[in-house]
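Work through the exercises below with the model open. Each task is followed by a stepwise solution.

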Amino acid sequence: MDRETRTLAERHFRSLEGRVLGGGAAPARAAFIAAPAAFSYADFVRGFLLPNLPCVFSSAFTEGWGSRRRWVTPAGMPDFQYLLDKFGDVIVPVANCGVQEYNSNPKEHMSFRDYISYWKEYIQGGYSSPRGCLYLKDWHLCRESTVEDLEDVFTLPVYFSSDWLNEFWDALDVDDYRFVYAGPKGSWSPFHADIFRSYSWSVNICGRKKWLLFPPGQEEALRDCHGSLPYDVTAPVLLDARLYPRFQHSSPPLEVLQEAGEMVFVPSGWHHQVYNLDDTISINHNWVNGYNLANMWHFLQQELQAVQREISEWKDSMPDWHHHCQVIMKSCSGINFEEFYHFLKIIAEKRLLVLGQGPEEVFKDSPGPGLGHQQAAFDVSRLVEVLTSLITHPDFQRVDTSTFSLRPEELLAQLKDAMSSTAAL
Ligand SMILES: O=C(O)CCC(=O)C(=O)O
Ligand SMILES: [Fe+2]
């Protein structure tokens, strides 16, 4: 990140005064970025991260990826034999697209070998099977494969390289948000927004996808009379004004057709529904960084409020009611306020370390926007804003922080110190 982009981004967040990145109305079409050489990280910040808008990168951006050469036949189909030789024994999660379970699909686990036999049978059966349409989703390929098998599968595009979510999980070595999706023509993902209001990027290794994208807030008009969001935004039942009273006032989604090799950027909080138009394999990552951190924090506060509403009747009779709300939140949302603090702390400590180093050390291993001083300084400014809000939140004040290795107030003081010394960088 250069000085000018940092100044622009910091000014943008100051002008928001704590409000989160929104979406406004959907543009008529998503921007298409044709040439890697003509598109810098600063262009991505200005054009898409700050306004929180989607875009599509041409296949030239993924031209050199090993997966695009090795996983695909000359006819553009998944190379089943190659993939079986590499990953046949791996156990993968598989969703049944034809069965609705709440707003998602039930999942089972099977070997990749069994999934490929199913897929071939599905194609031979004219894209139909008594087993239904099965979709391999959320396969943690990176975590579950050897370094050799992953060699040159993909190269993380610089635009997505500031990724605190995966940085955090890598530091703990227990999870990640790097996925492979693979499914036949007709498989699809129901309407949703991504976990913690993260961004997503998605590359088709082979095949094509159709995306229906809704800017943040527009999902409100899609709620049914009980306030629930739909499973399928194209279902005819949405036309029934008694069940979906606001649907007639909703705006049509932004439609994106993603060709093989192309890369889609999904901004924070945009709901979406996705169809595989061909037999398709994609690599999808979820990521959070300084630009959508406040969106994540805002989302977590909403999640806690939802839990509190749900068990409000026990507020007076249940000892430790607030603590129970945090426990429930952790099991429903995967994270609670304490863990969010831990996430901020891990990233903050790494940025403080970078700012304590000389410029030669910092740039040694980080080409492109990497983790240079300007990026670390910007990250610290975002951490200060969100940590200040977390510390002053009444529900965080109820969390027992006495056993934490670093007290939140102390961490905030260190970050503020660092921030004042980065002003002149
Ligand atoms: O490709 C799909 O089926 C879903 C992808 C998705 O929801 C995402 O990348 O956020
Ligand atoms: Fe998604």
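**Exercise 1. Into which classes do the residues of the shell around ligand 1 divide?**

Step 1. Collect the shell. In this predicted model, ligand 1 is surrounded by Tyr181, Ser189, Asp194, Ser200, Ser202, Lys209, Val266, His272, Val274, Ser282 and Asn284. A residue is near a molecule if its C-beta atom, placed from the backbone, lies within 6 Å of it.

Step 2. Sort by class. The shell has 3 nonpolar, 6 polar and 2 charged residues. Ala, Val, Leu, Ile, Met, Phe, Trp, Tyr, Cys and Pro count as nonpolar; Asp, Glu, Lys and Arg as charged; the others, Gly among them, as polar.

Step 3. Strands (E, at least two residues) and helices (H or I, at least four) are DSSP runs, numbered from the N terminus.

Conventions: residues are numbered from 1 along each chain as its sequence is written, while chains are lettered from A and ligands numbered from 1 in the order in which they are written. Local features need pLDDT of at least 70, side-chain atom pairs count only at pLDDT 80 or more, and totals for chains, interfaces and linings use all residues.

**Exercise 2. Describe how domain 1 touches domain 2.**

Step 1. Count contacts. 12 residues of domain 1 are in contact with 10 residues of domain 2. Contact requires C-beta atoms, placed from the backbone, within 7 Å.

Step 2. Find the main contributor. On the domain 1 side, helix H8 (residues 164-172) gives the most, with 4 residues. That side has 6 nonpolar, 4 polar and 2 charged residues.

**Exercise 3. At what angle do H8 and helix H11 pack?**

Step 1. Read the geometry. H8 and H11 (residues 337-356) pack at about 90 degrees, axes 10 Å apart. Axes are lines fitted to C-alpha atoms, for helices over the stretch in contact, and angles run from 0 to 180 degrees between N-to-C directions.

Step 2. Classify. The two helices are therefore roughly perpendicular. The classes are: under 35 degrees roughly parallel, over 145 roughly antiparallel, 65 to 115 roughly perpendicular, the rest oblique.

Step 3. List the partners. Trp164, Glu167, Phe168 and Ala171 of H8 meet Phe343, Ile346 and Ile347 of H11. The contact has 6 nonpolar, no polar and 1 charged residues.

Key: Two residues are in contact if their C-beta atoms, placed from the backbone, lie within 7 Å.
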